[in-house]
Amino acid sequence: MLVGTRNLKPFSILYLLTIALLIFSAAFSFPACALTEVDVSPVNTPDGAVVLIIDGLSSPFIYSELTPHALDGATLEKARLENIPEIGKNSARILEFRAPQTFTEGGHSVLVTGNRGADSEFVSFKDANIFDILHSRGYLCIAVMEKGDSWSICAEQDAVLRDENNSIKNMEIVLDQYEHSQDLSVPSGLLQLMQGRADRAPGYVTSKETRDRYNGYNRWGIETACAVVEYMAKNSPEQKYLLTVNVGAVDMSGHYRDNYGYIDCIESLDSELLPLYNLCEKNNLAFVLTADHGMAFPAEGSKGGHQSEKYSVSDEAQLVPLIVSAQDVEIGVIEGEFGQEDFAPTLLGILDIPDRPRFAEGEQILLTGHVNLEVILPEKGTVEIRKDGKVLESSGSDNQFVFYGLEPEKSYTIRAVLDSGKGLAEKEKEVFLKTDSVIDFGKKGTGEGKSAYSSTESKAGINFAGISEEGNSIFGRNSNHLIGYFLIGAINLAGFFIIMKILKKY
């Protein structure tokens, strides 16, 4: 004889309903995606990266190949540098690297999303920036942001120091912390160190001399970055991370101190850079130097600008440096026309991550002598890579694989077989690899025109560095997943009302 529900205690009813809901939810759950990594040939992947964004730094003022001019046509004096040229000799240096948006928010947004029209809100979209991708790969994201600290970029960090006032006269550094993954946490010792650096910041700008205050502002950012790198090397050597550093005094010097004050600030910052660069080299971190926009001057001895129309069309406002140093990065000057939209896929390529922000328009600038290939299966199986009819590598019992160290500008045959014996629409795919790429055997459709890395059309199911064929939905999921999530939500909501109705009777 069945026991009536009125004879059950409310706690028992709640317990049984909870179990039922868990069972229903499990029925609609999706298998976790595992990852197998395969070295086709040895690669020296950095343990992380330090990206130094020098606000307002125009490459014509620092590159030997370029000459800065005022808007009236006058030739302007260049900065006399020691360290940046030496760093450049041991790095890849992009000669023409343009900012499509010549203001701080726009420049930072384009850099981290790879989209030419990005703004702060755009950065906050799901999987739209490099921080989302790095978090999914187990990286911590840490930032020291004197300027360029838009709310969305700060919110993508695990820990960020930012100047709440964006002011040299009233410098107030605050520490913010955000949780992006239960599996990742910022070491408590690092948070203490960062708070200590925040407390010390005002002491860097106490001088009555304008020049010393501006230089002290930048010095605080560089020395704080060095302290973070030293801490991570000593206390968390296994943790990969991205440290984004933005120093702001060069930009403000251009606005308030004329072109002579501008180059003076660049020269002073140049003298501070070597310790940070050396720490990166010592600890196997990629070192990247760039800027959000440049700076233009109407005439010699005038104060500068970059955002209004008369400035924004100039090379001085648009051209910014891109200098990259890492073990596998090939040294030399890279000629050609590139833009800030190429930065995000290029940085991920340096870190051997064959992926890209969801709405990225830019192309990876291949700076290493190898490319990487990610292969995704709809379920567990085996993947085999062939070149010229010979098997290079074969790996199985997984549904996601990354093959490192493939030779660029070559054709490969990718063969996939599922463990379950289920058939694939296409078991083999031919691909010509120019840059890091992704092949998803579970996707349908031709994907024409999706490739940002090849002048040829994408073949079926081939997504170059992670370009998805599922459209631009903000949710970033395919329809099957969305239906499953909807059903789970509906079941849980119904269960909640049933529980509330039963409990009201007691």
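This is a predicted model: local features need pLDDT of at least 70, side-chain atom pairs count only at pLDDT 80 or more; totals for chains, interfaces and linings use all residues.
Residues are numbered from 1 along each chain as its sequence is written, and side-chain values use heavy atoms, with hydrogens and water left out.

Let's start with confidence. pLDDT is the predictor's own confidence in each residue, on a scale from 0 to 100. The protein chain averages 86, and 81% of its residues score at least 70. Residues 445–485 fall below 50, yet that stretch has 94 contacts in the model beyond near neighbours in sequence (a contact means heavy atoms within 4.5 Å). Residues 502–506 are also below 50, and there the count is 9 contacts beyond near neighbours in sequence.

Now to the sheet. Helices (H or I, at least four residues) and strands (E, at least two) are DSSP runs, numbered from the N terminus, and two strands pair if DSSP finds at least two bridges between them. The sheet is open, with 9 strands in the order β6-β5-β4-β7-β2-β8-β9-β3-β10 and mixed pairing. Its edges are β6 (173–177) and β10 (332–339), each of which pairs on one side only. Neighbouring strands are turned by 15° against each other on average, ignoring direction. For a look at one pairing, take β4 (residues 140–145) and β5 (residues 159–163): they run parallel and are joined by 4 bridges. If you want to find one of these partners, M145 is bridged to R162 in β5.

On to the helices. Their axes are lines fitted to C-alpha atoms over the stretch in contact, and angles run from 0 to 180 degrees between N-to-C directions. Angles under 35 degrees count as roughly parallel, over 145 as roughly antiparallel, 65 to 115 as roughly perpendicular, and the rest as oblique. As for handedness, a crossing is left-handed if the near helix is turned anticlockwise from the far one by less than a right angle, and right-handed if clockwise.

Take α7 (residues 188–200) and α8 to begin with: they pack at about 165°, axes 10 Å apart, which makes α7 roughly antiparallel to α8. The crossing is right-handed. On the α7 side the contact uses G189, L190, L193, M194 and R197, and α8 brings W220, E223, T224, A227, V228, Y231 and M232. That gives 8 nonpolar, 2 polar and 2 charged residues (Ala, Val, Leu, Ile, Met, Phe, Trp, Tyr, Cys and Pro count as nonpolar, Asp, Glu, Lys and Arg as charged, and the others, Gly among them, as polar).

Helix α8 (residues 210–235) also meets α10, their axes coming within 10 Å and crossing at roughly 40°, so the two are oblique to each other. This crossing is right-handed too.

Finally, α10 (residues 258–270) packs with α9 (residues 249–256) at about 165°, axes 7 Å apart, and that makes α9 roughly antiparallel to α10. Their crossing is right-handed. The α9 residues in contact are A249, V250, S253, G254 and Y256, facing D258, G261, Y262, C265, I266 and L269 of α10.
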